[in-house]
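I am opening my notebook on this chain.

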Amino acid sequence: MFVGKRKLGRSISLLVGASLVLSALPVASAASSSSLAPYKLTLYYPGSPAKDEAKVEAKMNTYLKSKINATIDLIPIDWGQWDSKMNLLKASREPMDIIFTAQWNGHANDVAKNVFLALDDSRGPAGNLIAQYGKDITRTLDPAFLKGSKVNGHNYGIPTNKELAAQGGVIYRKDIADKLGLTSQLNAVKSVNDLAPILASVKKKMPSMTPLFLRDGDNFNSHYFMQQDYLGDTTIEGLIRKDGTSTKVITRFDDKKYMDQLALTRSLYKKGYINRDAATTQLSGQDALKKGNVFMIVASLKPGKDAEVAIAANLAGKLKQINMTDRTVSTGETAGSMLGISSTSKDPARAMMFINLLHSDKYLNNLLNFGIEGVHYQKQSSEIIKPGPSAANYNPGATWMFGNQFLNYVWNTEAPDKWAQFKAFNKGAKLSPALGFTFNAQPVKSQVAALVTVRSKYIAGLETGAIDPSKAKDFQKKELANGLDKVLKEKQKQLDAFLRSK
(Lines give C-alpha, C1' and ligand atoms only; values in the text may rest on other atoms or scores of the structure.)
Protein backbone atom coordinates (compact mmCIF):
# COMPACT_ATOMS: atom_id res chain seq x y z
CA MET A 1 0.00 0.00 0.00
CA PHE A 2 2.79 2.41 0.88
CA VAL A 3 6.42 2.83 -0.06
CA GLY A 4 9.05 2.93 2.67
CA LYS A 5 11.28 5.93 3.32
CA ARG A 6 14.48 4.21 2.20
CA LYS A 7 13.03 2.99 -1.07
CA LEU A 8 11.36 6.31 -1.83
CA GLY A 9 14.58 8.15 -1.02
CA ARG A 10 16.44 6.10 -3.63
CA SER A 11 13.74 6.89 -6.14
CA ILE A 12 14.12 10.61 -5.49
CA SER A 13 17.80 10.55 -6.36
CA LEU A 14 16.99 9.00 -9.73
CA LEU A 15 13.98 11.19 -10.51
CA VAL A 16 15.33 13.78 -12.89
CA GLY A 17 17.88 11.61 -14.64
CA ALA A 18 15.28 8.96 -15.37
CA SER A 19 12.77 11.54 -16.49
CA LEU A 20 15.15 13.14 -18.95
CA VAL A 21 16.02 9.82 -20.56
CA LEU A 22 12.53 8.38 -20.60
CA SER A 23 10.79 11.49 -21.90
CA ALA A 24 12.83 11.22 -25.09
CA LEU A 25 11.40 7.80 -25.95
CA PRO A 26 8.73 7.50 -28.68
CA VAL A 27 5.08 7.94 -27.77
CA ALA A 28 2.94 4.80 -27.53
CA SER A 29 -0.64 5.18 -28.70
CA ALA A 30 -3.33 3.88 -26.34
CA ALA A 31 -5.92 3.53 -29.08
CA SER A 32 -6.44 4.35 -32.73
CA SER A 33 -8.40 7.59 -33.17
CA SER A 34 -10.45 5.97 -35.93
CA SER A 35 -11.91 3.49 -33.44
CA LEU A 36 -13.10 6.20 -31.04
CA ALA A 37 -16.27 8.27 -31.16
CA PRO A 38 -15.74 12.07 -31.04
CA TYR A 39 -15.59 13.47 -27.49
CA LYS A 40 -15.13 16.93 -25.96
CA LEU A 41 -12.92 16.93 -22.87
CA THR A 42 -12.95 19.61 -20.16
CA LEU A 43 -9.84 20.61 -18.21
CA TYR A 44 -10.35 22.68 -15.04
CA TYR A 45 -7.31 24.33 -13.45
CA PRO A 46 -6.48 27.46 -11.40
CA GLY A 47 -5.20 30.40 -13.43
CA SER A 48 -6.15 33.53 -15.31
CA PRO A 49 -7.94 33.14 -18.68
CA ALA A 50 -5.72 34.17 -21.59
CA LYS A 51 -6.68 36.38 -24.53
CA ASP A 52 -5.53 33.79 -27.08
CA GLU A 53 -6.88 30.76 -25.27
CA ALA A 54 -9.32 29.96 -28.12
CA LYS A 55 -6.50 30.02 -30.69
CA VAL A 56 -4.41 27.60 -28.63
CA GLU A 57 -7.46 25.38 -28.09
CA ALA A 58 -8.06 25.25 -31.84
CA LYS A 59 -4.47 24.09 -32.44
CA MET A 60 -4.77 21.51 -29.67
CA ASN A 61 -8.07 20.24 -31.06
CA THR A 62 -6.68 19.69 -34.55
CA TYR A 63 -3.87 17.66 -33.03
CA LEU A 64 -6.01 15.76 -30.52
CA LYS A 65 -8.50 14.68 -33.19
CA SER A 66 -5.72 12.85 -34.99
CA LYS A 67 -4.45 11.30 -31.76
CA ILE A 68 -7.54 10.36 -29.71
CA ASN A 69 -10.45 11.85 -31.72
CA ALA A 70 -11.13 14.38 -28.96
CA THR A 71 -11.31 18.13 -28.49
CA ILE A 72 -10.48 20.07 -25.33
CA ASP A 73 -12.20 22.90 -23.48
CA LEU A 74 -9.65 24.69 -21.29
CA ILE A 75 -11.39 26.14 -18.23
CA PRO A 76 -8.97 28.22 -16.11
CA ILE A 77 -10.49 29.72 -12.96
CA ASP A 78 -8.83 32.64 -11.18
CA TRP A 79 -6.90 31.53 -8.12
CA GLY A 80 -8.98 33.60 -5.74
CA GLN A 81 -12.19 31.96 -6.92
CA TRP A 82 -10.83 28.46 -7.50
CA ASP A 83 -11.88 26.86 -4.21
CA SER A 84 -15.35 28.36 -4.03
CA LYS A 85 -16.26 27.71 -7.67
CA MET A 86 -14.85 24.20 -7.75
CA ASN A 87 -16.51 23.24 -4.48
CA LEU A 88 -19.87 24.25 -5.99
CA LEU A 89 -19.21 22.30 -9.17
CA LYS A 90 -18.14 19.22 -7.23
CA ALA A 91 -21.09 19.39 -4.85
CA SER A 92 -23.59 19.80 -7.71
CA ARG A 93 -22.10 16.78 -9.53
CA GLU A 94 -21.43 18.88 -12.61
CA PRO A 95 -20.17 16.73 -15.52
CA MET A 96 -16.42 17.34 -15.66
CA ASP A 97 -13.47 15.39 -17.02
CA ILE A 98 -10.03 16.48 -15.81
CA ILE A 99 -9.48 18.59 -12.68
CA PHE A 100 -6.30 19.95 -11.13
CA THR A 101 -5.90 18.63 -7.60
CA ALA A 102 -3.21 18.59 -4.89
CA GLN A 103 -2.70 17.53 -1.29
CA TRP A 104 -2.65 21.21 -0.28
CA ASN A 105 -5.93 21.76 -2.10
CA GLY A 106 -8.16 19.24 -0.31
CA HIS A 107 -7.33 16.13 -2.34
CA ALA A 108 -7.82 13.52 0.39
CA ASN A 109 -11.02 15.23 1.49
CA ASP A 110 -12.28 15.18 -2.10
CA VAL A 111 -11.41 11.49 -2.37
CA ALA A 112 -13.50 10.81 0.73
CA LYS A 113 -16.38 12.63 -0.98
CA ASN A 114 -16.01 10.50 -4.14
CA VAL A 115 -15.14 13.52 -6.28
CA PHE A 116 -12.41 11.59 -8.14
CA LEU A 117 -12.23 8.16 -9.72
CA ALA A 118 -9.66 5.61 -8.59
CA LEU A 119 -7.36 5.39 -11.59
CA ASP A 120 -5.73 2.05 -10.84
CA ASP A 121 -8.62 -0.04 -9.51
CA SER A 122 -9.52 -2.96 -11.78
CA ARG A 123 -12.67 -3.44 -9.71
CA GLY A 124 -13.65 0.23 -9.79
CA PRO A 125 -16.29 1.82 -12.04
CA ALA A 126 -13.70 2.90 -14.62
CA GLY A 127 -11.33 -0.05 -14.27
CA ASN A 128 -7.55 0.30 -14.15
CA LEU A 129 -7.21 3.36 -16.36
CA ILE A 130 -3.47 3.72 -15.73
CA ALA A 131 -2.76 0.17 -16.89
CA GLN A 132 -5.03 0.50 -19.93
CA TYR A 133 -4.36 4.03 -21.14
CA GLY A 134 -1.49 5.41 -19.05
CA LYS A 135 1.48 3.38 -20.20
CA ASP A 136 3.52 6.49 -21.01
CA ILE A 137 2.83 7.77 -17.50
CA THR A 138 4.27 4.70 -15.80
CA ARG A 139 7.09 4.62 -18.36
CA THR A 140 8.26 8.18 -17.70
CA LEU A 141 7.10 9.01 -14.16
CA ASP A 142 9.32 7.98 -11.27
CA PRO A 143 7.50 5.31 -9.21
CA ALA A 144 7.97 7.44 -6.09
CA PHE A 145 5.28 9.84 -7.30
CA LEU A 146 2.53 7.27 -7.84
CA LYS A 147 3.40 5.28 -4.72
CA GLY A 148 3.62 8.36 -2.55
CA SER A 149 0.35 9.93 -3.73
CA LYS A 150 -1.93 6.95 -3.10
CA VAL A 151 -4.96 7.34 -0.84
CA ASN A 152 -6.22 4.16 0.79
CA GLY A 153 -4.12 2.12 -1.63
CA HIS A 154 -5.20 3.78 -4.88
CA ASN A 155 -4.23 6.71 -7.09
CA TYR A 156 -6.94 9.34 -7.55
CA GLY A 157 -4.68 11.75 -9.42
CA ILE A 158 -1.69 11.58 -11.77
CA PRO A 159 1.23 13.65 -10.37
CA THR A 160 3.13 16.10 -12.53
CA ASN A 161 6.64 14.92 -13.32
CA LYS A 162 8.60 17.76 -11.73
CA GLU A 163 10.84 18.61 -8.77
CA LEU A 164 10.14 16.59 -5.63
CA ALA A 165 11.75 18.47 -2.76
CA ALA A 166 10.03 21.53 -1.25
CA GLN A 167 11.51 24.79 0.00
CA GLY A 168 9.97 28.04 1.15
CA GLY A 169 11.22 31.54 0.50
CA VAL A 170 10.48 34.87 -1.14
CA ILE A 171 10.70 36.35 -4.62
CA TYR A 172 11.39 40.08 -4.90
CA ARG A 173 11.86 42.86 -7.43
CA LYS A 174 15.62 42.94 -7.95
CA ASP A 175 15.39 46.09 -10.06
CA ILE A 176 13.63 47.95 -7.23
CA ALA A 177 16.08 46.59 -4.65
CA ASP A 178 19.01 47.88 -6.70
CA LYS A 179 17.31 51.26 -7.09
CA LEU A 180 16.73 51.59 -3.33
CA GLY A 181 20.15 50.26 -2.32
CA LEU A 182 18.75 47.19 -0.60
CA THR A 183 20.66 44.48 -2.49
CA SER A 184 23.32 43.81 0.16
CA GLN A 185 20.69 43.55 2.88
CA LEU A 186 18.63 41.12 0.82
CA ASN A 187 21.69 39.00 0.09
CA ALA A 188 22.16 38.59 3.86
CA VAL A 189 18.57 37.52 4.62
CA LYS A 190 18.32 34.24 6.55
CA SER A 191 14.96 34.51 8.32
CA VAL A 192 11.64 36.36 8.22
CA ASN A 193 12.95 38.65 10.98
CA ASP A 194 15.65 39.88 8.58
CA LEU A 195 12.99 41.12 6.16
CA ALA A 196 11.43 43.71 8.50
CA PRO A 197 13.96 46.58 7.96
CA ILE A 198 13.97 45.93 4.20
CA LEU A 199 10.17 46.12 4.01
CA ALA A 200 10.28 49.28 6.14
CA SER A 201 12.62 50.93 3.62
CA VAL A 202 10.38 50.01 0.70
CA LYS A 203 7.32 51.43 2.49
CA LYS A 204 9.14 54.67 3.32
CA LYS A 205 10.87 55.25 -0.03
CA MET A 206 8.10 53.97 -2.31
CA PRO A 207 4.79 54.51 -0.47
CA SER A 208 2.73 53.56 -3.52
CA MET A 209 4.29 50.08 -3.59
CA THR A 210 3.11 47.14 -1.43
CA PRO A 211 6.26 45.90 0.34
CA LEU A 212 4.98 42.34 0.88
CA PHE A 213 2.05 40.60 -0.81
CA LEU A 214 0.49 37.71 1.11
CA ARG A 215 -2.61 35.66 0.44
CA ASP A 216 -4.39 32.57 1.73
CA GLY A 217 -2.05 29.63 1.10
CA ASP A 218 1.00 31.76 0.26
CA ASN A 219 2.43 33.27 3.44
CA PHE A 220 5.06 32.59 6.07
CA ASN A 221 2.75 30.10 7.75
CA SER A 222 2.04 27.99 4.66
CA HIS A 223 2.90 24.30 4.89
CA TYR A 224 5.91 24.61 2.58
CA PHE A 225 7.37 27.48 4.62
CA MET A 226 6.57 26.04 8.06
CA GLN A 227 7.85 22.55 7.18
CA GLN A 228 4.59 20.95 8.33
CA ASP A 229 3.52 17.54 7.03
CA TYR A 230 -0.27 17.31 7.13
CA LEU A 231 -0.03 13.64 6.16
CA GLY A 232 -1.64 13.94 2.78
CA ASP A 233 -4.01 16.94 2.86
CA THR A 234 -3.24 20.37 4.31
CA THR A 235 -6.93 21.19 4.68
CA ILE A 236 -7.34 18.43 7.29
CA GLU A 237 -6.03 19.34 10.77
CA GLY A 238 -3.32 17.13 12.27
CA LEU A 239 0.39 17.24 11.38
CA ILE A 240 3.95 16.35 12.21
CA ARG A 241 7.00 18.44 11.37
CA LYS A 242 8.91 17.46 8.24
CA ASP A 243 12.18 18.77 9.67
CA GLY A 244 11.90 16.87 12.96
CA THR A 245 11.85 13.28 14.23
CA SER A 246 8.62 13.15 16.22
CA THR A 247 5.70 11.15 14.80
CA LYS A 248 3.16 12.43 17.32
CA VAL A 249 0.25 14.03 15.45
CA ILE A 250 -0.41 17.57 16.71
CA THR A 251 -2.46 20.57 15.59
CA ARG A 252 -0.96 23.68 14.04
CA PHE A 253 -1.67 25.51 17.32
CA ASP A 254 0.55 23.03 19.20
CA ASP A 255 3.49 23.90 16.93
CA LYS A 256 5.54 26.64 18.63
CA LYS A 257 7.29 27.63 15.40
CA TYR A 258 3.92 28.17 13.76
CA MET A 259 2.61 30.29 16.63
CA ASP A 260 5.80 32.38 16.70
CA GLN A 261 5.53 32.97 12.96
CA LEU A 262 1.88 34.02 13.35
CA ALA A 263 2.97 36.68 15.83
CA LEU A 264 5.73 37.91 13.53
CA THR A 265 3.38 38.08 10.55
CA ARG A 266 0.87 40.01 12.63
CA SER A 267 3.52 42.58 13.54
CA LEU A 268 4.42 43.08 9.85
CA TYR A 269 0.74 43.46 9.01
CA LYS A 270 0.16 46.06 11.73
CA LYS A 271 3.13 48.08 10.46
CA GLY A 272 1.51 48.28 7.03
CA TYR A 273 4.08 46.18 5.21
CA ILE A 274 1.48 43.61 4.05
CA ASN A 275 -1.43 44.25 1.69
CA ARG A 276 -4.55 45.02 3.75
CA ASP A 277 -6.68 42.60 1.73
CA ALA A 278 -4.32 39.66 2.29
CA ALA A 279 -7.06 37.50 3.81
CA THR A 280 -9.54 38.03 0.99
CA THR A 281 -7.58 38.91 -2.17
CA GLN A 282 -8.45 37.04 -5.35
CA LEU A 283 -4.96 37.57 -6.84
CA SER A 284 -2.18 35.03 -7.00
CA GLY A 285 1.30 36.23 -6.09
CA GLN A 286 2.28 35.99 -9.74
CA ASP A 287 -0.63 38.20 -10.83
CA ALA A 288 0.12 40.65 -8.02
CA LEU A 289 3.68 41.09 -9.29
CA LYS A 290 2.34 41.50 -12.80
CA LYS A 291 0.40 44.60 -11.69
CA GLY A 292 3.75 46.28 -11.01
CA ASN A 293 3.18 47.67 -7.52
CA VAL A 294 4.35 44.73 -5.38
CA PHE A 295 7.92 44.37 -4.13
CA MET A 296 7.92 40.87 -2.62
CA ILE A 297 5.86 37.67 -2.49
CA VAL A 298 6.16 34.39 -0.57
CA ALA A 299 6.49 31.25 -2.70
CA SER A 300 7.26 27.56 -2.75
CA LEU A 301 10.67 27.56 -4.40
CA LYS A 302 12.75 25.42 -6.72
CA PRO A 303 15.70 26.19 -9.00
CA GLY A 304 14.77 29.00 -11.37
CA LYS A 305 11.37 29.75 -9.82
CA ASP A 306 12.17 33.48 -9.97
CA ALA A 307 12.80 33.26 -13.72
CA GLU A 308 9.59 31.27 -14.30
CA VAL A 309 7.49 33.79 -12.37
CA ALA A 310 9.26 36.71 -14.07
CA ILE A 311 8.29 35.43 -17.52
CA ALA A 312 4.66 34.91 -16.52
CA ALA A 313 4.51 38.35 -14.84
CA ASN A 314 6.16 40.22 -17.75
CA LEU A 315 9.14 41.02 -15.51
CA ALA A 316 11.86 39.00 -17.22
CA GLY A 317 15.25 39.61 -15.58
CA LYS A 318 13.75 41.70 -12.77
CA LEU A 319 13.04 39.09 -10.08
CA LYS A 320 15.24 37.17 -7.68
CA GLN A 321 14.48 34.49 -5.08
CA ILE A 322 15.77 33.92 -1.56
CA ASN A 323 15.67 30.36 -0.24
CA MET A 324 14.74 30.54 3.45
CA THR A 325 14.05 26.97 4.61
CA ASP A 326 15.68 23.58 4.35
CA ARG A 327 14.74 21.34 1.45
CA THR A 328 12.32 18.63 2.59
CA VAL A 329 10.28 15.81 1.09
CA SER A 330 6.96 14.51 2.39
CA THR A 331 4.20 12.47 0.82
CA GLY A 332 2.54 15.81 0.15
CA GLU A 333 5.26 16.71 -2.34
CA THR A 334 4.52 13.60 -4.41
CA ALA A 335 0.90 14.79 -4.52
CA GLY A 336 1.65 18.50 -4.75
CA SER A 337 0.40 18.85 -8.33
CA MET A 338 -1.90 16.32 -9.99
CA LEU A 339 -4.58 15.89 -12.61
CA GLY A 340 -7.55 13.85 -11.44
CA ILE A 341 -10.48 12.46 -13.39
CA SER A 342 -13.90 13.46 -12.10
CA SER A 343 -16.33 10.74 -11.08
CA THR A 344 -18.86 12.62 -13.24
CA SER A 345 -16.78 12.21 -16.44
CA LYS A 346 -18.70 10.70 -19.37
CA ASP A 347 -15.50 9.22 -20.83
CA PRO A 348 -12.81 8.55 -18.19
CA ALA A 349 -10.80 6.50 -20.67
CA ARG A 350 -10.46 9.47 -23.04
CA ALA A 351 -9.50 11.71 -20.13
CA MET A 352 -6.71 9.30 -19.21
CA MET A 353 -5.54 9.19 -22.83
CA PHE A 354 -5.20 12.98 -22.74
CA ILE A 355 -3.27 12.97 -19.44
CA ASN A 356 -1.04 10.24 -20.86
CA LEU A 357 -0.24 12.45 -23.86
CA LEU A 358 0.75 15.31 -21.54
CA HIS A 359 3.35 12.96 -20.05
CA SER A 360 4.79 11.82 -23.38
CA ASP A 361 3.91 14.13 -26.28
CA LYS A 362 6.37 17.02 -26.44
CA TYR A 363 4.37 18.99 -29.03
CA LEU A 364 1.09 18.85 -27.12
CA ASN A 365 2.71 19.55 -23.75
CA ASN A 366 4.50 22.66 -24.99
CA LEU A 367 1.47 23.85 -26.95
CA LEU A 368 -0.61 23.83 -23.77
CA ASN A 369 2.11 25.47 -21.69
CA PHE A 370 3.60 28.01 -24.09
CA GLY A 371 1.13 28.46 -26.91
CA ILE A 372 1.80 28.57 -30.66
CA GLU A 373 5.33 28.64 -32.05
CA GLY A 374 6.03 31.83 -33.99
CA VAL A 375 3.17 33.60 -32.23
CA HIS A 376 3.54 33.21 -28.47
CA TYR A 377 7.13 31.98 -28.49
CA GLN A 378 10.03 31.59 -30.92
CA LYS A 379 12.76 28.97 -30.89
CA GLN A 380 16.39 29.96 -30.43
CA SER A 381 17.46 26.31 -30.52
CA SER A 382 15.75 22.94 -30.26
CA GLU A 383 15.11 23.46 -26.52
CA ILE A 384 15.58 27.20 -25.85
CA ILE A 385 12.75 29.65 -26.58
CA LYS A 386 12.15 33.38 -26.37
CA PRO A 387 8.90 35.41 -26.28
CA GLY A 388 7.05 35.73 -29.59
CA PRO A 389 5.22 38.83 -30.89
CA SER A 390 2.01 37.87 -29.03
CA ALA A 391 3.60 36.39 -25.91
CA ALA A 392 1.43 38.48 -23.59
CA ASN A 393 -1.73 36.97 -25.06
CA TYR A 394 -0.98 33.42 -23.87
CA ASN A 395 1.27 32.75 -20.90
CA PRO A 396 -0.39 30.49 -18.29
CA GLY A 397 2.77 30.18 -16.15
CA ALA A 398 1.54 26.76 -15.04
CA THR A 399 4.12 24.30 -16.37
CA TRP A 400 4.20 22.62 -12.96
CA MET A 401 0.55 21.58 -13.34
CA PHE A 402 0.55 19.69 -16.61
CA GLY A 403 2.04 16.27 -17.26
CA ASN A 404 5.78 15.92 -17.66
CA GLN A 405 7.65 19.17 -16.98
CA PHE A 406 10.85 17.65 -18.34
CA LEU A 407 9.28 17.91 -21.81
CA ASN A 408 9.08 21.70 -21.42
CA TYR A 409 11.18 24.09 -23.43
CA VAL A 410 13.42 26.44 -21.43
CA TRP A 411 13.10 30.22 -21.77
CA ASN A 412 16.22 32.11 -22.78
CA THR A 413 16.05 33.99 -19.47
CA GLU A 414 16.27 30.71 -17.51
CA ALA A 415 19.34 28.62 -16.80
CA PRO A 416 20.01 26.36 -19.80
CA ASP A 417 20.86 23.54 -17.36
CA LYS A 418 17.55 23.97 -15.52
CA TRP A 419 16.72 20.25 -15.42
CA ALA A 420 20.19 19.36 -14.09
CA GLN A 421 19.60 21.89 -11.31
CA PHE A 422 16.34 20.13 -10.45
CA LYS A 423 18.30 16.90 -9.96
CA ALA A 424 20.71 18.60 -7.57
CA PHE A 425 17.79 20.26 -5.75
CA ASN A 426 16.19 16.89 -4.96
CA LYS A 427 19.43 15.28 -3.82
CA GLY A 428 20.02 15.35 -0.07
CA ALA A 429 16.62 16.77 0.93
CA LYS A 430 15.40 15.99 4.46
CA LEU A 431 12.80 13.21 4.44
CA SER A 432 9.70 13.54 6.60
CA PRO A 433 9.35 10.81 9.26
CA ALA A 434 5.95 10.03 7.68
CA LEU A 435 7.17 9.87 4.09
CA GLY A 436 4.99 7.45 2.13
CA PHE A 437 1.91 7.82 4.33
CA THR A 438 -1.37 9.39 3.21
CA PHE A 439 -4.28 9.79 5.60
CA ASN A 440 -7.55 8.13 4.59
CA ALA A 441 -10.30 10.52 5.70
CA GLN A 442 -13.15 8.08 5.05
CA PRO A 443 -13.57 6.84 8.67
CA VAL A 444 -14.06 10.41 9.95
CA LYS A 445 -15.34 12.13 6.82
CA SER A 446 -18.22 13.91 8.59
CA GLN A 447 -15.87 15.39 11.22
CA VAL A 448 -13.35 16.30 8.50
CA ALA A 449 -16.04 18.12 6.50
CA ALA A 450 -17.07 20.09 9.59
CA LEU A 451 -13.46 20.99 10.43
CA VAL A 452 -12.73 22.11 6.87
CA THR A 453 -15.71 24.48 7.14
CA VAL A 454 -14.48 25.86 10.47
CA ARG A 455 -10.95 26.25 9.12
CA SER A 456 -12.11 28.14 6.04
CA LYS A 457 -13.63 30.85 8.23
CA TYR A 458 -10.45 31.84 10.04
CA ILE A 459 -7.28 30.43 8.48
CA ALA A 460 -6.70 33.09 5.81
CA GLY A 461 -7.00 35.97 8.26
CA LEU A 462 -4.88 34.27 10.90
CA GLU A 463 -2.01 33.25 8.61
CA THR A 464 -1.77 36.56 6.73
CA GLY A 465 -1.64 38.70 9.87
CA ALA A 466 -5.13 40.18 9.48
CA ILE A 467 -6.34 38.43 12.65
CA ASP A 468 -4.48 38.58 15.96
CA PRO A 469 -2.94 35.21 17.00
CA SER A 470 -4.60 35.58 20.41
CA LYS A 471 -7.79 34.45 18.63
CA ALA A 472 -6.21 31.06 17.90
CA LYS A 473 -7.53 29.59 21.17
CA ASP A 474 -11.07 30.49 20.17
CA PHE A 475 -10.61 28.80 16.81
CA GLN A 476 -9.22 25.68 18.43
CA LYS A 477 -12.24 25.50 20.74
CA LYS A 478 -14.50 25.57 17.69
CA GLU A 479 -12.48 22.77 16.12
CA LEU A 480 -12.71 20.69 19.29
CA ALA A 481 -16.48 21.17 19.25
CA ASN A 482 -16.57 19.82 15.68
CA GLY A 483 -14.68 16.56 16.13
CA LEU A 484 -11.01 17.57 16.19
CA ASP A 485 -10.04 14.91 18.75
CA LYS A 486 -11.58 12.14 16.64
CA VAL A 487 -9.70 13.25 13.54
CA LEU A 488 -6.37 13.51 15.41
CA LYS A 489 -6.92 10.09 16.99
CA GLU A 490 -7.69 8.51 13.60
CA LYS A 491 -4.66 10.17 11.97
CA GLN A 492 -2.41 8.92 14.77
CA LYS A 493 -3.89 5.42 14.55
CA GLN A 494 -3.29 5.20 10.79
CA LEU A 495 0.20 6.72 10.99
CA ASP A 496 1.25 4.33 13.77
CA ALA A 497 -0.01 1.37 11.74
CA PHE A 498 1.94 2.58 8.73
CA LEU A 499 5.16 3.02 10.74
CA ARG A 500 4.79 -0.46 12.24
CA SER A 501 4.37 -1.97 8.78
CA LYS A 502 7.69 -0.62 7.48
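In which strand is Pro76 found? I found Pro76 in strand 2, residues 70-77. Helices (H or I, at least four residues) and strands (E, at least two) are DSSP runs, numbered from the N terminus.

Two notes on the source come before the rest. This is a predicted model, where local features need pLDDT of at least 70 and side-chain atom pairs count only at pLDDT 80 or more, while totals for chains, interfaces and linings use all residues. Residues are numbered from 1 along each chain as its sequence is written, and side-chain values use heavy atoms, with hydrogens and water left out.

**Entry: Pro76**

Pro76 has a relative accessible area of 11%, so it is buried. Buried means under 20% relative accessible area, exposed means over 50%, and partly exposed lies in between (1.4 Å probe, protein chains only). Next I listed its contacts, leaving aside neighbours within four places in sequence. Pro76 is in contact with Tyr45, Gly47, Ser48, Pro49 and Glu53. Contact means heavy atoms within 4.5 Å. I also looked up Ala50. Pro76 and Ala50 are 26 residues apart in sequence, and their C-alpha atoms are 8.7 Å apart in space.

**Entry: helix 2**

Glu53, a contact of Pro76, is also one of the buried residues of helix 2. Helix 2 covers residues 53-68, which is 16 residues. From first C-alpha to last it reaches 21 Å, close to the 22 Å expected at 1.5 Å a residue. The expected span is 1.5 Å times one less than the number of residues. The buried residues of helix 2 are Glu53, Val56, Glu57, Met60, Asn61, Leu64 and Ile68. An α-helix has 3.6 residues a turn, so residues three or four places apart point the same way. What covers these buried residues? The cover includes strand 1 (39-46), strand 2, helix 16 and helix 17. Just after helix 2, Asn69 takes a positive phi of about 50°.

**Entry: helices 16 and 17**

The axes of helix 16 (residues 348-358) and helix 17 (residues 362-370) come within 7 Å and cross at roughly 90°. Axes are lines fitted to C-alpha atoms, for helices over the stretch in contact, and angles run from 0 to 180 degrees between N-to-C directions. That makes helix 16 roughly perpendicular to helix 17. The cut-offs are under 35 degrees for roughly parallel, over 145 for roughly antiparallel, 65 to 115 for roughly perpendicular, and oblique for the rest. Helix 16 brings Phe354, Leu357 and Leu358 to the contact, and helix 17 brings Leu364, Asn365 and Leu368.

**Entry: helix 19**

Helix 19 runs over residues 445-463. Its 19 residues should span 27 Å at 1.5 Å a residue, and its end C-alpha atoms are 25 Å apart, which agrees. Where is the kink in helix 19 centred? The kink, about 40°, is centred on Ser456. The bend at a residue is the angle between axes fitted to the seven residues ending there and the seven starting there. Buried residues of helix 19 include Gln447, Val448, Leu451 and Tyr458. Their cover includes helix 4 (107-112), helix 12 (256-270), helix 20 (472-480) and helix 21 (484-501). Just after helix 19, Gly465 takes a positive phi of about 95°.

**Entry: Val487**

I moved on to Val487, in helix 21. At 0% relative accessibility, Val487 counts as buried. Not counting residues up to four places away in sequence, Val487 touches Ile236, Glu237, Val444, Gln447, Val448 and Leu451. Val487 and Val448 are 39 residues apart in sequence and 6.9 Å apart in space, C-alpha to C-alpha.

**Entry: residues in loops**

Arg215 lies in the loop between strand 6 (210-213) and helix 11 (223-226). At 8% relative accessibility, Arg215 counts as buried. Beyond four places in sequence, it touches residues including Trp79, Gly80 and Thr464.

Arg93 is in the loop between helix 3 (79-91) and strand 3 (98-101). Is Arg93 buried or partly exposed? At 43% relative accessibility, Arg93 counts as partly exposed. Arg93 has a positive phi of about 60°, although it is not a glycine.

Asn114 lies in the loop between helix 4 and helix 5 (129-133). Asn114 is not a glycine either, and has a positive phi of about 65°.
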